[in-house]
Amino acid sequence: MPTLSQEDANLKILFDMSVDMLCIAGIDGYFKKINPSFSRTLGYAEEEILSKPFYDFIHIDDIEATQLEMGKSINGEVINQFENRYRCKNGQYKSFSWSAQADVDRKLVYAIARDVTEEREAKNVLIQIQNALNSESIVAYTDRAGRITEVNDNFCQISGYSREELIGQNHRLVSSGNHSEDFFRDMWKTISSGKTWSGMIENRRKSGDHYFVQSIITPIFDIQGKIQNYLAVRFDTTEHVKNEVELDKTLSILRETSAIAKVGGWELEVATGELTWTNETFKILEVKQRHYQSPILPEGLDLFVEAHKPIIEKAVQRAIEFGEPYNLELKALTAEGNILWINTTGKPNYENGKIVSLSGTIQDIDARKKAELKYALERQKSIQNSKLAALGELAAGIAHEINNPLAIIHGSVQLMPRYLEDSEKLIKKIDDINNSSKRISHIVKSLQKFSRTSDGKQFSLHCLKDIVDEAVTLTGNKSKRHSTSISVDCNAEMIIICNEIEIEQVIINLINNAIDAIKHLPERWISIDIFEKNTCVVFKITDSGSGIPEEVSDKLFDPFFTTKNVGDGTGLGLSIAKGILDEHNATIAVEQNSPHTCFTIEFQKSENVN
Amino acid sequence: MSTTVYYLDDEAALCDIFAEFFGSDLIHVTTFLDADKAIEACRLTPPDLFFIDFRLPNTTGDQVALALDRSIPKILLTGDFSFKLECKFDQIISKPFQFDEIQDLINRYS
């Protein structure tokens, strides 16, 4: 074996140490010599590689190309950057980039391969990204002056321009004109300073329609770090924008509707205690809207009056713990310090069986609630009030009622000395005095009723006729003033269990209504009948009016309904009458088949009549 | 020469007392329970003095007085405290009245 010269030894070291794979291959398809890098890269022993045709190691798809390149090389062509894939011992493939030159005479190919697997993979990813972008988005390259240099099919399709029409043009070609100059100035400022800009741009198609694109524009740098051009990637969001506009419209209708109904919505995130309120909720509770900070639960609970705080706290707590929904009418104390009645509802929302949030509504019911409370209060006061009204009515005529009999007594007494000898005339005067004093005592007895306070629900047996007579007496002045005759027809003692004062009140109310209703009619009479019907005692009051229109009779017993002028009636009389009668198990109705206005009250007949 | 006095009141007992007390040969008293009849009588034979009650069925003394000739002296007799008048009365006397007071008036108009 000849000793290697120093130069040869150096070349051998270079051959052995090289990271690149060096080889000599024969046209028979076998490697003649390989350096150790082959073994290191592929994982086979050197002998294994040399023992098989190298095509055995090449990816089946690359064999044909490799054979072609080999052929070229044998014919004397220099092969450069030819790539194929080799199978490693572990089954994976590696990409090799070859340069080769053949010794045509000796039929040997001298070749160098570099493992470019990683580069190849990186390039693949890049290509895939590019492909994906090209197929899914609108891509355009622009030079530094803003002229379009390259566009993909999507750009042509969405804009309606052909590639030829676009290239060389400024982007202004597709500008909608709906963006300010500042908008584009800012964009150029961003990208020309080397940063990426993104935003929504409204563009115009060749047809004139507008379309919306979410755009990302990024500068592309050359190897010297200078901007060489710009890449714009855009996505068509026209549908989305349209939907958003629709959604905005829907939301604004919803907002308006809830403003009219004074209904707000709210949601409580259980984990954080964070509250989400709709505009109307902010408005009802008079809380200023803050964009930077949501209200939290304690703040929400604080917007109730002290007395109602425990109620809402408990309701919210039970809703969170046990999933109990609630629906409460409470007094809110607004951020501005106003107190108003609200109706608030809440219900739990579950996620995987766990309560994650509560949501509900809040409605301003102040006006309704106040009307209700006013009604209850009026109802409470009504008996006292209408007694006072009757007293006022009585007071107007009371002087007359007492002074007339008093004048008779007075006159009789002054005449009596003349008749000391005439017993017949004397007795007549004594009778006059007697009758007059009875009249006065009757008036005073009627007044006694007003000194009694209605202590509520004392029910006892009463003769309905007596109550009616009292009511007729008490309304006598009014009926006389309006020249209205009142007749009472009752042929038996009708006993009912009732609160005498309340029932008298109801009857006074009906008589007063009747007088008011007919006072402008030429014919004025009121007729009251009391009779038995089956198990009922019926009180029937008819006046000379011509009945009540059906559409009015439906509302007749509603609180605050009145046909009288403002100030003349509270609209409470009949509703209170109905309330009182309900408590007596009695019914009140308008007789629709009567030619005259007619109300009937049916009382249950008392069983233990003595 | 006798004096004619009319009295209108729906209170029959008062009418009787009035006629009994003031009626004489010289003072001719006629009482009326009904306003229309009184008005009719005034038209036919105007009295020297007319006493009228205020509160009457279907009407008031005031309305009756308006229907009368203005030359008839009219006195309102009433038990009411407050009332609105359209007619000008020569005097208003409240019930219960003193006979002396009435007598003075009758004498004055005789």
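Modeller: The sheet in question is an open one in chain A, built from five strands in the order β7-β6-β10-β9-β8, with antiparallel pairing. Helices and strands here are DSSP runs, H or I over at least four residues for helices and E over at least two for strands, numbered from the N terminus. Two strands pair if DSSP finds at least two bridges between them.

This is a predicted model, in which local features need pLDDT of at least 70 and side-chain atom pairs count only at pLDDT 80 or more, while totals for chains, interfaces and linings use all residues. Residues are numbered from 1 along each chain as its sequence is written, and chains are lettered from A and ligands numbered from 1 in the order in which they are written.

At the edges of the sheet are β7 (148-151) and β8 (197-204) of chain A, each pairing on one side only. On average, neighbouring strands of this sheet are turned by 30° against each other, direction ignored. The axes behind that angle are lines fitted to C-alpha atoms, for helices over the stretch in contact, and angles run from 0 to 180 degrees between N-to-C directions.

The partner of β8(A) is strand β9 (residues 210-221) of chain A, and the two pair in the antiparallel sense over eight bridges. A:Trp197 stands opposite A:Ile217 in β9(A). In general, strands of a sheet pair through backbone hydrogen bonds, either parallel or antiparallel.

Now the rest of the chain. Chain A has 19 helices and 22 strands. Of its 610 residues, 24% count as buried. A residue is buried if 20 or more other C-beta atoms lie within 10 Å of its own, exposed if 12 or fewer, and partly exposed in between, with C-beta atoms placed from the backbone.

Helix α19 (residues 573-583) of chain A is largely enclosed by the rest of the structure, because eight of its eleven residues are buried. Among the buried residues of α19(A) are A:Gly573, A:Ile576 and A:Leu581. A:Asn585, which follows α19(A), has a positive phi, near 60°.

A:Asp28 lies in the loop between β1 (21-26) and β2 (31-34) of chain A. A:Asp28 counts as exposed because it has 8 C-beta neighbours inside 10 Å. The C-alpha atoms of A:Asp28 and A:Lys107 are separated by 9.0 Å, although these residues are 79 residues apart along the chain.
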